[in-house]
Amino acid sequence: MIAVFLTLTRDACQPVRWMVEPADTGVRRARESLEATLADAGPVLTRIAERLCANAADASDLVQDTLERATRNGLPPDVRNPVGWLATSMHNLFIDRCRAAARRPNHESLADRHADITQLEPDPPEPAWWRITIDDVHEALAEIDASYREVYVLHTFEHRSYEEIAQQLSIQRVTVGTRLNRARKKLREVLVKRFGLEQKDA
Amino acid sequence: MRCDDLDPFFDGELADDAAAAFRDHLAGCERCQRALRGRMLEAVVVSAGRRHRPRIADAGDTRDAAAAVDAAKAPGAIALQPGRRAAARRPWLVAAGAAIAAAAIAILWLRGPGSSAPAAATEAPAVALQLAPRRGVDVRFAAPALDTYRPRNVVRGAALVPEKLSLKELAALEQDLHAVVGALALTGNLASAGEQAALLPRDAASLSDRAALALLDENPQKAQANAERALALAVEARRLDRGFAPAMWNEAVALERLELPLAAAEVFEALGAREPGAGGWFAEAAERAADLRRKYRGALERYKQLQAAADRMAAGGAPLSPEQAAAAPSMARSALHVAIAATADPARLAALAPLADALGVAPELAQARGADPARRMPIARELAGAVEQRDPKTLRAIRARARAAGQGDIVRAIALLLQDEVVDEDDLAELAALPAAGPWWRLVAVERQVFYLTYRMQRYADADLAARDVAGGCTAALPGRDTFWCPQILRTLAASNAEIGRVDHAYRLAGTARQLAHDAGDREEEGRILDVIGQIAAERVAELDPGAIADGYMREFALRAGSCAARLYQLDFGARAAFNHHRFGDAERLLGEADRLADGECKQEPGRYNAETIRLRLLVHRPTAQRAGELARRVRGIEEHWGKDLYPENRLYNEFLLARARFALDDGAPALAALSDVIARAQVLSGEWAPRAIRAMGHAALAEHAARRGDAEGVLAALAARMGVQLDTGCTVGVSHDDRVTVVVRGATGRAAAEVREVPEGQRVLAAPELLSRPMRERLAGCASIEVLATGPYFGAAGLLGPDLRWTYRSSPRRATGPLRFERQVVVTDVEPPAELGLPPLRRMQLGPGARILEGKAATPAGVLDAIDDAELVVINAHGVTDANEPAAASLVLSPDAKGSYWLTADRVKQAKLAGAPVVILAACDAGRVQVSAEPWSLASSFLAAGARAVIAPTTEIADDTANAVFESIVQRMRAGKSPEQAVAEEREASGGRAPWLANVVVFQ
């Protein structure tokens, strides 16, 4: 007789599935390559997911689902930056979850809707991140205003919070946010000039 | 400005509630979504610490990545790893052979060092299953141990060749319920597998497995239902995991079972393309896709060649061979009639004689041979010159000359050539003469009449009547059934029946039509029928998503048609069906697909009004400037394409779309005024759908707007304006339905409150008893009587308020009709419906000596409407007919008149004038049922529109043994001075449990 030991709940996550198909050549090399890619991407994706999600468990699930999807479906044959591609995949999953969770999206205040209409300043175009290294970012930072660069470096590379930066530089917290925003815009402008516009394959 | 929160959000600087609000915003803001993606890519670069530029399109990288995936699919001993590690969140973890290590990488690091998750699955011993070398099923199960590829060994006529698995092997699966389900099914224990599957969470794997189980059910009586069920389950599985291979496979198999080869091929092909050259399931999927297409094209080509040969014969070419005629006899006969009519040459007629003998057309050939050549020849020649062009004007002119010259066969042949033309009244007169030429000609006449009555006149009940004599012959499983005209008749009849609420009956008719066309090899007609089946399927009430089933048929229809119009229609239709069931993600995806098509290879297709309505509804649900801009751009495109040719109602509809969109983004006074202006103009505009849609959606928007501002009286005012009734000051419940539901309650205190309710994903409407929240119900305490103003599907819904309350639906302007009087009473009873309907006789109803009895053959629809024109009380004791599970309007079945007409439809009642302002009791099953549409109509509302003071009608089946006593008692209570709603409420209390159906009797005012 078959006994059932596990209690399954409706909110249980999707199980991991491994498709069983005929082997290809180069199994070991391929496995090592995938392992390397995932190992490389894991910490980065986790840090990003923790920024996006409300709690660590959600972040962990988001990353896990991203990697499961990648493992199950594989990477596109022409992907140039596997980690970037995984980040995009995680972005899509995250947006899907936001959509699923958004119960009353129309409850935005009128001001919010006006924001969509009246905020005419366009977002700067995204540079071709798949071509860019951290060195390129450092070089590009040299070209932007020092006050913006300083905040960007403290936040991005030294992982300081807005409040810590504000105290360190004796400026208001809101100013930190403004400078950081402008630093990102300027940085993109420089990177776009050097590396061209982003393409969809990340 | 919420978009400005992107950086603080991504930097972790927002408070929890602000972050949650931003996530909500993010869900609908594509601009922020793009920007967030950029931030994430930037973070990858600055976080990775990578110092070296990546190799551009390095082949080694990509091959490695792809091969790594293959590594995860390596065979070897197929092993199950009971999932100890996954006990909390991953109830079963299965890995295969060499993939285990790679799997561990993907899983283990997630929890990281110190994670509380259990240890890796590799601790448990693997269990190998000794499966047969070839698989005995055509489905796939989700559990990897059972999903290893094996060549097919499916026995024809049997869905399952059971596997032999030992109890030891089965016991080893116990911690993996998915594997248990699959193993039980493979060993032939389908019932047990079904029971186990019911215990699983509703995830992609279990849904896919349930689809597989449905496909393995061998009951031939349920073959179609099982395949449709499997399709819906597989689609639902893919909704959760779009690329889940077993679900894709099962979806394709379900489509194949439904004989939708191109749709099945599309799914198989997509699966095969995932891993070209990988062999196994992928290779078989690709092969099956190719095979399905090849077979379809073969059948299509054979029939097309037959059609071309028939056309050539009609235009003067060689007669069809006996084999060709036998393959499609009715089509061959049509062509032969034209060929005979288009010649006066004795040699040609002689050449056609053998075929005429074979097809039973010899008498007509003889008649043509014996005709006066001087009278016949010029007309026949003229016809010969017109056969290929088939210009309707020319053909009608020839027909007039043929009639004047007494050439009846030419007149009839022209009826065949005008087959594709929408007929007018003149054509109908011509058709009326056809049946005299024989039963085959009767089919021709009926096909045209039914088409005309359904699509041109929207007289659905009359269409049903017109086809009554031939429908039985077309649907009966008789040898030699006509396969050319019958499918067309049944297709149109199905559409007609769906319109009058007999949706399940319509589905059966369409299914028969399809089978006939399919058996005849006519793939094009079958494709047209698939469109009708898809439309009906979307309206059916089903346990599973009807949209998924409808989409299967629609996909096949569009793939067969191949035209841009059909492809766009299929996608827009699917989006609409998805939206109707509040599946916004699906709706958006399908609409996006259609848009890409419309902006690309289908640029020439104008006016996708359905699409614009869906776009608007999406915008209303998640207002963004981008969506509004897209809507405006496309509306302008429609205007530019049609220019001055646009009908005024379409132009106003365009204005409405834009005004409503503006209102969604900015509900300030100017936007409100603009929207109100368009609604007001729609009130006085003629036309069918556009003014109705504008009124429905417009007033619903105003009601919802008022509710959100806390203006409950404003909600009531909008509802009253929508329904054209004058608002009273007493206890009132209002329900406004568009894509959300606005509910308002004014209680005994005179103060009103309103709320807006979302309909859960996958549902079409909220259940009536759930519409009012407890606080809203509590507001009704102390109300002596309650009026309900309800729109859409909630009008006439039983159980909206409890049986202890006295409440009525309100649907017409209040009339000053004075106190109830019952001097002129009419009872319709003992009707004699057509015997072929098989309806059981009902008990005779009597209301005492003062009532006029209309009974038996006299109780025709016209007879009843004549008899009640000045009555003050009307009781109609008859059968109501609608499909039991369908929320569609009912009609009453009365005695047939001289022409055979027996339907008393809402439309027919609406045109009557009831001068006595009667109370009408419809003692008929389902008589209170209401159509789900932008503007509800029903028998009840039609009686009210015709002048009735009130209508009492059940919305479910009623029991004949208790019906008379209950309705007679209600009448007695009204005679004693009670209002209709008081009488019904008192009768509910008095009857106890004697007539439980009384809870579903609704009062309309």
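Student: At what angle do the axes of helix H12 (residues 261-274) and helix H28 (residues 546-561) of chain B cross?

Tutor: This is a predicted model. In it, the axes of H12 and H28 of chain B come within 7 Å. Angles of 65 to 115 degrees count as roughly perpendicular, and H12(B) and H28(B) are therefore roughly perpendicular to each other. The crossing angle is roughly 95°.

Student: How many nonpolar, polar and charged residues does the contact of H12(B) with H28(B) have?

Tutor: From H12(B), the residues taking part are B:Pro261, B:Leu262, B:Ala263, B:Glu266 and B:Val267. They meet B:Gly552, B:Arg555, B:Glu556, B:Leu559 and B:Arg560 in H28(B). Sorted by class, the contact has five nonpolar, one polar and four charged residues.

Student: Which residues touch the most other members of the largest nonpolar core?

Tutor: In soluble globular proteins, nonpolar side chains tend to be buried together. The largest nonpolar core here has 150 residues, and its largest share, eleven residues, comes from helix H13 (residues 280-314) of chain B. The members that touch the most others are B:Phe141, B:Leu336 and B:Leu383.

Student: Which residues does B:Leu383 touch, not counting residues up to four places away in sequence?

Tutor: B:Leu383 is one of the residues that touch the most other members of the 150-residue core. With residues up to four places away in sequence not counted, B:Leu383 touches B:Ala341, B:Ala342, B:Leu395, B:Ile398, B:Ile410, B:Ile414 and B:Leu417.

Student: How many residues are in the other core that lies apart from the largest one?

Tutor: Among the residues of this other core are B:Leu616, B:Ala718, B:Ala768 and B:Val909.

Student: Is B:Ala682 buried or exposed?

Tutor: B:Ala682 belongs to helix H34 (residues 669-683) of chain B. Not counting residues up to four places away in sequence, B:Ala682 touches B:Leu652, B:Pro691, B:Ile694 and B:Arg695. Buried means under 20% relative accessible area; because the value for B:Ala682 is 0%, this residue counts as buried.

Student: What distance separates the C-alpha atoms of B:Ala682 and B:Glu649?

Tutor: B:Ala682 and B:Glu649 stand 33 residues apart along the chain. The separation of their C-alpha atoms is 8.1 Å.

Student: Which residues of chain A are in contact with B:Arg39?

Tutor: B:Arg39 sits in helix H3 (residues 30-48) of chain B and counts as buried because its relative accessibility is 10%. Leaving aside neighbours within four places in sequence, its contacts in chain B are B:Leu6, B:Asp7 and B:Phe10. Those in chain A are A:Glu126, A:Asn181, A:Arg184 and A:Arg188.

Student: What is the relative accessible area of B:Arg615?

Tutor: B:Arg615 lies in helix H31 (residues 609-621) of chain B. Neighbours within four places in sequence aside, B:Arg615 is in contact with B:Leu591, B:Asp595, B:Arg608, B:Glu630, B:Leu631 and B:Arg634. The C-alpha atoms of B:Arg615 and B:Arg634 are 10.0 Å apart. B:Arg615 is buried, with a relative accessible area of 5%.

Student: What is the phi of B:His582?

Tutor: B:His582 is in the loop between helix H29 (564-580) and helix H30 (584-599) of chain B. B:His582 counts as buried because its relative accessibility is 4%. Although B:His582 is not a glycine, its phi is positive, at about 60°.

Student: What is the phi of B:Asp830?

Tutor: B:Asp830 is found in strand E8 (residues 825-831) of chain B. B:Asp830 counts as partly exposed because its relative accessibility is 26%. Its phi is positive in a residue other than glycine, with a value near 50°.

Student: What percentage of the residues in chain B is buried?

Tutor: Chain B has 42 helices and 16 strands. Chain B exposes about 39200 Å², of which carbon and sulfur atoms supply 52%. Of its 1005 residues, the buried part is 58%.

Student: What percentage of the residues in chain A is buried?

Tutor: Chain A has eight helices and zero strands. Chain A exposes about 9700 Å², and carbon and sulfur atoms supply 50% of that area. Of the 202 residues in chain A, the buried part is 50%.

Notes:
Residues numbered from 1 in each chain as written. Chains lettered and ligands numbered in written order. Predicted model: local features only at pLDDT ≥ 70, side-chain atom pairs only at ≥ 80, totals over all residues. Heavy atoms only, no water. Axes fitted to C-alpha atoms, helices over the stretch in contact; angles between N-to-C directions. Helix = DSSP H or I, 4+ residues; strand = E, 2+ residues; numbered from the N terminus. Parallel < 35°, antiparallel > 145°, perpendicular 65-115°, else oblique. Contact = heavy atoms within 4.5 Å. Nonpolar A, V, L, I, M, F, W, Y, C, P; charged D, E, K, R; others polar. Buried < 20%, exposed > 50% of the residue type's maximum accessible area, 1.4 Å probe, protein only. Core = buried A, V, L, I, M, F, W, Y, C linked by side-chain atoms within 4.5 Å. Areas by Shrake-Rupley, 256 points an atom, 1.4 Å probe, with all protein chains shown as cover.
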